[in-house]
Amino acid sequence: MRVKTVQINWHDRLPIFSVDFDHSWQGDGWRFSTGGGDNNVRIWRLRSPQDPLHEAQPVEFLASLNRHTAPVNVVRFSPASGRLASAGDDGVIIIWRQVDSPPAALADHLEDSAGKETWRPAAMLRGSLADICDLAWSPDGAFLVSASVDNTARVWDAREARCVQVLADHSHYVQGVAWDPLNEFVATQSSDRSLRIYRWLGSRSRRAGEQVARLEASHRSMPAADGRSHRQRLFHDDNLASFFRRPSVSPDGRLLATAAGVQRQPADARNACFIWARDRLRAEPVLRLAGHAKPIVATRWAPCMFAEAGAGAGAGWLSQGPRMMLAVASQSAVSLYDTSVGARAVGLMDGLHYAAIADLAWAADGSHLVIVSIDGFASVASLDQPTAALPLPLHDPVPEAQPASRPAANPAAHKSQARKRVAPTLVSTL
């Protein structure tokens, strides 16, 4: 495992709050997106190790998407297409799509023209009453769920660009959401110290006004380990200094990993990641990944599964099936777990950043992991997997939303007012 902190002017040296890979991209290397405190979304390409420029300049700038009016807290690519959803403190979700680049003579007069790619808003989803902290797509790209500090999670129809249900069961900020890849449940995490799981009903035929999600389970506490004490809380309260509590579901849908877990003992390692099993979502967690020095802010499963490591791998989490990789990000470090070798971390990346980690994302083949921090920088970890990655599951794409309406601009009149968009430049690499 090799880790490099890439010293690029990612977001004008302001915090980076989110990162995500486009797993449908067919180009050389891996395309990913970041959202930051400069109100912008940026698109990048992580060069493959075979690229001659990989060592000197591992990351290439592709585009800057400038429509948000406040910091961007989350970016997420659709699993069924190359569409990108972004949201932040302005309470607006923008769904972006890549378009053909404009002619060179016109590019200087248009916004978002700096870079090798051109992206335009396909839809703008309005209705949230406050900052949006997290997003998750349905596996077919037809719906989105958002987490907001107005204590709600909202389900959106991405095709019709409208909110179809407000999930108002939490009593404090909703800071993380996850969507089951088998399209049967949605999970939300809040600073009210709870995890809530909703049964997804939207895939069934329904009439207008009917619910698309129904509350299935809620978790706040579990029996104490000694069996005699009072029930112990599962998650940190609202005093936790973090914007995010990002859960995730394994690529086969069998396991749900949560953030901000807490345990009573030991006192020097109270932070934990709790794992729920798909067939026991109403029961207590089936696994505890403990020993983290600081609270967990995000969890992310590698999007692919890997061939089994063999008989000598040891006791794993699951009795059978391919192995999977989980990255757990605390405020200061990232731990890597392999489902084939038990509940101990197989890798630890610590001391990468001067400020708290905010998000992380895997490349499609599990070979690279990008970690972003509010110190304004990102680290790239390259991992040598012991077994080959299995193909990603295919999802049928849905029709795109209609492009957001916008008055046509007069290039000649706009020229005097336009601000020059300068592509980020590479400073150095460590």
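Let's start with P181. P181 sits in the loop between β14 (174–179) and β15 (185–190). Strands here are DSSP runs of E, at least two residues long, and helices are runs of H or I, at least four residues long, numbered from the N terminus. This is a predicted model, so local features need pLDDT of at least 70, side-chain atom pairs count only at pLDDT 80 or more, and totals for chains, interfaces and linings use all residues. Residues are numbered from 1 along each chain as its sequence is written, and side-chain values use heavy atoms, with hydrogens and water left out.

Back to P181. P181 and P79 are 102 residues apart in sequence, yet 9.3 Å apart in space, C-alpha to C-alpha.

Next, the strands that follow. β15 and β16 form a hairpin with 3 residues between them. In that turn, R193 has a positive phi of about 75 degrees. The two strands run antiparallel and are joined by 6 bridges. For pairing, DSSP must find at least two bridges between two strands. T188 stands opposite R196 in β16.

Why call β16 enclosed? Because 6 of the 7 residues in β16 (residues 194–200) are buried, the rest of the structure largely encloses this strand. β16 also pairs with β17 (residues 213–219), antiparallel, over 6 bridges. There, W200 has A213 in β17 as its bridge partner.

R193 comes up again, with H236. H236 lies in the loop between β19 (232–233) and β20 (248–249). H236 counts as buried, because its relative accessibility is 14%. Which residues does H236 touch, leaving aside neighbours within four places in sequence? R193, R245, A260, G261, V262, R270, N271 and P295. Contact means heavy atoms within 4.5 Å.

Now a sheet. Strands of a sheet pair through backbone hydrogen bonds, either parallel or antiparallel. Here, 4 strands form an open sheet in the order β6-β7-β8-β9, and the pairing is antiparallel. β6 (72–77) and β9 (118–125) are the edge strands, each pairing on one side only. On average, neighbouring strands of this sheet are turned by 25 degrees against each other, direction ignored. Those angles use axes fitted as lines to C-alpha atoms, for helices over the stretch in contact, and run from 0 to 180 degrees between N-to-C directions. β8 (residues 93–99) and β9 pair over 7 bridges, antiparallel.

One more strand, β28 (residues 347–350). In a regular strand the side chains alternate between the two faces of the sheet. On β28, G347 and M349 make up the covered face, while L348 and D350 make up the uncovered one. β28 pairs with β27 (residues 333–338), antiparallel, over 4 bridges. M349 in β28 is the bridge partner of V334.

Last, the whole chain. How many helices and strands does the protein chain have? 2 helices and 32 strands. Of its 430 residues, 56% are buried. Among contacts between residues at least 6 apart in sequence, 57% join residues at least 24 apart. The chain exposes about 18,200 Å², and carbon and sulfur atoms supply 50% of that. These areas come from the Shrake-Rupley method with a 1.4 Å probe; for residues, only the protein chains shown count as cover.

Definitions and conventions: Buried means under 20% relative accessible area, exposed over 50%, partly exposed in between (1.4 Å probe, protein chains only).
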